[in-house]
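The following paragraphs lead the reader through one protein structure, from a few local details to the chain as a whole. Please keep the sequence and the model in view while reading.

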Amino acid sequence: MSPKSRLYTLVKAWKDKPFQEVRDACGEPWLGLSSVALEEHQSWSKRQAISFEPIFNAQGSRLTNSLYRPLLNATDTQFLRLFMEGLDAIAYWYRSGRFIPGILPAPAPLISIAECVDALSDLILNCRLPVGLVSLGVQLAKDSDFTDPCKEGLLRMRRLGVSLHLMNFTGTQVQMNLIEEMRPEGMHIDMSLLRDNSLPIACISQAKKQQSQLYASNITLVKDLENAQTISADHCYGGLMMPPLSRHQTLHISDSRIAKAIFSLHPHKNQNGDKK
């Protein structure tokens, strides 16, 4: 049989092969993929969700942290699964050669539950990540959230090498007590509170005495950036800096849109005197 005849036979056999049609979204195989391959594909797609808000230094020239936003509004039943996904992203960046600390928000009432803290401890220990890459963002929804069981839970997290951040600082007495007792590594301030002067600068100055780093959040206006400079914020994040990204996109960024704009106006020179 000539090569042309063999090619004809192969093409004819392929054409006569029964067609595997695309199935609807009922969990069955599609395009010939097995259920395992389909599950892996769906898992990969979920990991590309736009969920990570990049945080930069005050100048916007260096990525310093990443905030996992789905945990901000997670229900009790979703919390552990989303926390695990946040840890998985931090581990993904670490395995890829980037040390990007991840801030994983957690409601204070859940930190008060010993069984929940046990589960978080197991997840963190199983990741085997270096100390300093995992941060817990404490969310106080009301004055009664900061209880003795909550303090014990936070102390257990700190013993594992987890950094503590206070989310949405508003200057309440309970938050000031938490800052004084726990001395969190980070304190997040929504810049919209400074637009209408609803957060006195005196509260921020008092909190800074505990040597917590200031994180200016929700920076969407140039005025917000100016206010962040006024309070001497150490870190900034928000739409003006850069919108949320997927975990893969986060892996490949280094500076903010602000820094890129400044760089385009004032290009640096290399050793040969040429513009980069």
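A polar contact is a pair of N or O atoms within 3.5 Å; within protein, one of them must be able to donate a hydrogen and the other to accept it, and residues adjacent in sequence count only if both atoms are side-chain atoms. The model is a predicted one, in which local features need pLDDT of at least 70 and side-chain atom pairs count only at pLDDT 80 or more, while totals for chains, interfaces and linings use all residues. Residues are numbered from 1 along each chain as its sequence is written, and side-chain values use heavy atoms, with hydrogens and water left out.

D145 is placed in the loop between β4 (134-139) and α6. Helices (H or I, at least four residues) and strands (E, at least two) are DSSP runs, numbered from the N terminus. With a relative accessible area of 5%, D145 is buried; this term means under 20% relative accessible area, calculated with a 1.4 Å probe and protein chains only. Contact means heavy atoms within 4.5 Å. Leaving aside neighbours within four places in sequence, D145 is in contact with A108, P109, S112, Q139, L140 and C150. Between the C-alpha atoms of D145 and I111, which are 34 residues apart along the chain, the separation is 9.6 Å.

A114, V117, D118, L120, S121 and I124 in α5 meet G153, R156 and M157 in α6.

Another buried residue is H235, with a relative accessible area of 8%, which lies in strand β8 (residues 235-236). Its side chain and that of T64 are joined by a polar contact of 3.0 Å. Apart from residues up to four places away in sequence, H235 touches I55, F56, N57, A58, T64, N65, Q213, L214, Y215 and A216.

Finally, the chain as a whole has 12 helices and 8 strands. Of its 276 residues, 40% count as buried. Among contacts between residues at least 6 apart in sequence, 65% join residues at least 24 apart.

Definitions and conventions:
Buried < 20%, exposed > 50% of the residue type's maximum accessible area, 1.4 Å probe, protein only.
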